[in-house]
Amino acid sequence: MALPLCLLALIHAAFATAADGNETSTGRRDGWVSQPDGRGTFDILWSCLFTIFLCTWVSLHLNVPSAHETYRHQFSRKLRWMLQAIMAPEFVLAFATGQKVEASRSVEEFKTLDLPDQERCKWTIRHGFYANMGGFVLQPRESAAFPINSKQLLWLIKRGYVDYPTMTAKEVWDKSKADGFQKSLTCLQTGWFIIQIIGRAIQRLPITTLEITTLSFVLCTLVMFTQWANKPLDVESPTIVKSTKNIAEILIEAGPAASQPYRQTPLDFVDNLSPSWLTEVQPHLRFRTGPKMRPLPRFTNDRFPVIGAGPDAVFLFLFTMAYCGLYFVAWDFDFPTPLERYLWHISSVAMAACAFIFWVCETYQDGHRLGRWERWAAKLSTSKDGRINTMEKQRRSRRFIPVWEIIIMTPVTVVYTIARTYIVIEVFLCQRSLPIGAFETVQWSEFVPHF
């Protein structure tokens, strides 16, 4: 609540030098407009800022923090992700979609376990989310504890190092700190905001660029709620999974596969949590942030989604392009100056183009990560067995994020960041001069039938 209030105070101070709502000959009102005769500048700003705050704060479902983290560290991490959601909500949505896909895959993988039904609880997508967010922590005998994800847990269970978890889906959900009031408030506010936008569109009242931008956050939030519907929120304490073996014994018995030094946890050879910002991008930038302790005390939130080519990938692509296309709605809006309108056009096109290039590159590289192209090539080959073995070795030795993708995506990321930054700044600059109709309120009585 304090963040939107602070922003309102700063914006009001910036407009304080202008007279109260000076009306120009071009049908605009400049400066800070009071609200007695309709909605004012405060009404527009408060409605949008409060909605954006709820969308970017309440919707975030971050991973389990490490045992010794303070509330300040957890708060600052969530604040950083909130800023990330403001700058690029579609990318946060991609993370949410990837986590849902990974949790769904874990359900299928756990079906391969050959255990009597009475000895296990049904593994659900909630279990998958909980495991992949660091909900299970392995405590080997006489060794340091570290989090394990669903793939690593399954590997340990199959080899008898740990017991099958006895947690039910309800017990997993009991770990969640989901605040029903916050989510209800978010749904009510976003629902009312959408109704306001629809009402203004029907009555042909001007809609501001800030409201269009807020609408994009609302749509992303609704989809994020859907993707994270089964992910526990704000879990603070993980579930300890004990093993009678120490980590050295586990690695020795794993054989040559576990002979390489690990980068994140001793079970990297099962799943090395790649690709992620921490492991694939920061080494090229010659700096490192995040947990420095090894094994990792917690799972970072920056693992890039490996979504595949299923319905979730198609939906995410279409939604991302629709999100970028939403800014084209303001193409013919009445901007304070022609230059601002022209820059809005350039930024809108740049965002859509960058998003499309990103998807082309990621779809191609994602096919290599999952071996999709190799499987398709093998089906067309006459010597299938030898070709599959060769391509599988090549796939395993290939980097998750190759140099060519870094070369292409670096300028794309820079252009997208500049375009997005301009739009975020411009939506507030536009508030200094708006069409007179922007301050008119929706006449809801016109929607009531009169007999």
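Of the 70 residues in the largest nonpolar core, the ones touching the most other members are Val-92, Met-224, Tyr-323, Trp-344, Met-351 and Ile-423. A core here is a set of buried Ala, Val, Leu, Ile, Met, Phe, Trp, Tyr and Cys residues joined through side-chain atoms within 4.5 Å, with buried meaning under 20% relative accessible area, exposed over 50% and partly exposed in between (1.4 Å probe, protein chains only). At least two residues of this core come from each of helices H2 (41–57), H3 (71–87), H4, H8 (180–202), H9 (209–227), H12, H13 (338–369) and H16 (403–429); helices (H or I, at least four residues) are DSSP runs numbered from the N terminus. Apart from this core lies another, of 27 residues, including Ala-131, Leu-138, Ile-148 and Leu-267.

All of this comes from a predicted model, where local features need pLDDT of at least 70, side-chain atom pairs count only at pLDDT 80 or more, and totals for chains, interfaces and linings use all residues. Residues are numbered from 1 along each chain as its sequence is written, and side-chain values use heavy atoms, with hydrogens and water left out.

Back to Trp-344: leaving aside neighbours within four places in sequence, Trp-344 is in contact (heavy atoms within 4.5 Å) with Thr-209, Thr-213, Tyr-327, Ala-330, Phe-335, Tyr-422, Ile-423, Glu-426 and Val-427.

Now for a helix pair. H4 (residues 89–110) and H12 (residues 311–325) pack with their axes 11 Å apart, at an angle of about 170°. That makes the two roughly antiparallel, a label for angles over 145 degrees; axes are lines fitted to C-alpha atoms over the stretch in contact, and angles run from 0 to 180 degrees between N-to-C directions. On the H4 side, Pro-89, Glu-90, Leu-93, Ala-94, Thr-97, Lys-100 and Val-101 meet Asp-312, Leu-316, Phe-319, Thr-320 and Tyr-323 of H12.

Not counting residues up to four places away in sequence, Leu-219 touches Phe-319 and Leu-326. Leu-219 and Phe-319 are 100 residues apart in sequence, yet 9.4 Å apart in space, C-alpha to C-alpha. Leu-219 counts as partly exposed because its relative accessibility is 33%.

As for confidence, the protein averages a pLDDT (the predictor's confidence in each residue, from 0 to 100) of 82, and 80% of the residues score at least 70.

Notes
Parallel < 35°, antiparallel > 145°, perpendicular 65-115°, else oblique.
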